[in-house]
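Student: I'm new to this one and would like to go through it with you. Can we take it piece by piece?

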Amino acid sequence: MTVRVAPPIAMLAELTHRCPLSCPYCSNPVELSARDAELTTAEWTDVFTQAAALGVLQLHLSGGEPVARRDIVELVTAARQAGLYTNLITSGIGLSKRRLDELEAAGLDHIQLSLQGTDAAMADEIGGYKGGYNRKMQVADWIKELGFPLTLNFVMHRRNQHQLPRALEMAEEMGARRIEVATVQFHGWALKNTAALIPTREQAMEANQMVADARKRLSGRLVIDYVPADYHSEFPKRCMGGWGSSGLNVTPEGLVLPCHAAQTIPHLDFASVRETPLTEIWYESGAFNAYRGTDWLPEPCQSCERKTIDFGGCRCQAMALAGDPGVTDPVCTRSPHHAALTEMTAAMNADSDQPLVYRSAPPVHADKDVQDA
Amino acid sequence: MIDADVIPEIPRGVRVHRDTVRNLWVLLAPERVLPLDDTGQAILDRVDGTSSFGQIVTGLAEAYAAPRDQIAADASEFLTSLQARRVLDLKS
Ligand code: SF4
Ligand code: SF4
């Protein structure tokens, strides 16, 4: 490729796949990493240092549930020492007041709290964890008390979309400056629940309108970042900033992925931080170069004026929906696979009272750690 | 235009950071990295949570020997755009 590859800006560190919740839309792979395969504290510390030297500015500590790691405070300390802006992506379950104090002292910059629903009935049904909602609300109170910078993350789908107005209110009540309204994406486990969760076309339009109105009303008070239902959009969502252009993802056992769903693409090989320096993986590995830039794009993308806007859409979605990661994202109305997707979506929307398929328990169940964390 | 006695403040969760890899100043905020040009950096350098907008403008006008009105207009536009993104507070 002739274009010079820029360094990455953000890294998502999946510290563990263990999680007390079992959300049917989990985007983690169907095969989870076992606890004894996870990177150690020292290994993560080294990864953070390498990432900062490579140019990463923002670190997202994620999972599974990152606070299921007993060394979460040490990891935050290490990330801050490396100079990274450190964000914790959590369900809140397993965070005690003491642990929050420790995270604050360790220099954690920001917390992103997920919201499965705006009342216990909805949230606990979706999360598959009774009592989870009340514990989350307790954690939200502590976060507010401590003045922790907070983003609320509302994962939206056909069953809870009517709760969006309340979710916006809750964000303000909790003192959040930002809310992410993310329509569920179908990767990993979530693919098993597409029919049960995918919004109807009418719902998707209604959500777009609600968000547009709320943005006007709440301007300067609450920033709303919105991921629309892309199966119902005209164009696909932009693949991050383009494959291998701004972000990377490290799995619990140290594999480095261009995006968190990339393991669904069978022909890609992923290098591990246990064997290869991060810089080499970013600039030279086959997986990162596979869909970098625009040279690889097929038609109709190659001659499309939007190719540097969305980079042909999502590779993982092309894989999941068309069986080929190298074709135009079928969500795009210009894709030859689009008609089939429209048909499938319509059929699903017509028969949507499917039961939810919950995530099964991870290899080592997290409950115990989580409770005494 | 921001009133002279308003005090701009960078809230918790937002930091000015020297990016040594790209060799520039950036503002780090939740899910946002905002690159700062020299002007932006000079303005934020004076945002300390105690100086008023008027004092900041006076300081800049002296440091850069530039007309006060022009500086006030530029700084106001810049800080207002940060406020709209919730990465700056304007306390009156
Ligand atoms: S390939 Fe798809 S899932 Fe992966 S980063 Fe791009 S848009 Fe996201
Ligand atoms: S044809 Fe390709 S580049 Fe054009 S809008 Fe569709 S996905 Fe994007």
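This is a predicted model: local features need pLDDT of at least 70, side-chain atom pairs count only at pLDDT 80 or more; totals for chains, interfaces and linings use all residues.

Student: Which residues are the closest to ligand 2?

Tutor: The shell around ligand 2 holds 14 residues. The closest ones are Cys301(A), Cys304(A), Arg306(A), Cys332(A) and Arg334(A).

Student: And ligand 1: how many of the residues in its shell are nonpolar?

Tutor: Around ligand 1 you'll find His187(A), Cys239(A), Met240(A), Trp243(A), Cys259(A), Ala261(A), Cys314(A), Arg315(A), Cys316(A) and Gln317(A). Two residues of that shell are polar and one is charged. The nonpolar count is seven.

Student: Now the backbone. Which residues are joined by a cis peptide bond with omega of about 15°?

Tutor: Look in the loop between strand S2 (58-62) and helix H2 (72-81) of chain A, where Gly64(A) is found. Its partner in the cis bond is also a glycine.

Student: Where is Pro300(A) found?

Tutor: Pro300(A) takes part in a cis peptide bond too, joined to Glu299(A) with omega of about 5°. As for its place in chain A, Pro300(A) is in the loop between helix H10 (286-289) and helix H11 (307-310).

Student: Is Phe311(A) buried or exposed?

Tutor: Phe311(A) sits in the loop between H11 and helix H12 (315-322) of chain A, and its phi is positive, near 55°, though the residue is not glycine. To decide, count neighbours: 20 or more C-beta atoms within 10 Å make a residue buried. Phe311(A) has 25 inside 10 Å, so it counts as buried.

Student: What about Ala65(B), buried or exposed?

Tutor: Ala65(B) also has a positive phi, near 45°. It lies in the loop between helix H2 (53-64) and helix H3 (68-84) of chain B. Here the cut-off is 12 or fewer neighbours for an exposed residue. With 6 other C-beta atoms within 10 Å, Ala65(B) is exposed.

Student: How far apart are the end C-alpha atoms of H3(B)?

Tutor: H3(B) has 17 residues, and at 1.5 Å a residue they should span 24 Å. The model agrees with that, because the end C-alpha atoms are 24 Å apart.

Student: Why are the buried residues of H3(B) on the same side?

Tutor: The buried ones are Ile71(B), Ala72(B), Ala75(B), Leu79(B) and Leu82(B). They sit on the same side of H3(B) because the arc they cover around the axis is only 100°. In general, an α-helix has 3.6 residues a turn, so residues three or four places apart point the same way. The value that settles it for H3(B) is the arc of 100°.

Student: Which exposed residues are on the face turned away from that buried side of H3(B)?

Tutor: The buried residues pack against strand S1 (7-9), helix H1 (38-45), H2 and strand S5 (89-91) of chain B. The face turned away from them carries Asp69(B), Gln70(B), Glu77(B) and Ala84(B).

Student: Last one: which element gives the most to the side of chain B that touches chain A?

Tutor: The contact takes 16 residues from chain B and 18 residues from chain A. On the chain B side, the elements giving two or more residues are strand S2 (15-19), strand S3 (24-29) and H3. With three residues, the one that gives the most is S2(B).

Conventions. Residues are numbered from 1 along each chain as its sequence is written. Chains are lettered from A and ligands numbered from 1 in the order in which they are written. A residue is near a molecule or strand if its C-beta atom, placed from the backbone, lies within 6 Å of it. Ala, Val, Leu, Ile, Met, Phe, Trp, Tyr, Cys and Pro count as nonpolar, Asp, Glu, Lys and Arg as charged, and the others, Gly among them, as polar. Helices (H or I, at least four residues) and strands (E, at least two) are DSSP runs, numbered from the N terminus. Two residues are in contact if their C-beta atoms, placed from the backbone, lie within 7 Å. The expected span of a helix is 1.5 Å times one less than its number of residues. The arc is that of the directions from the helix axis to the C-beta atoms.
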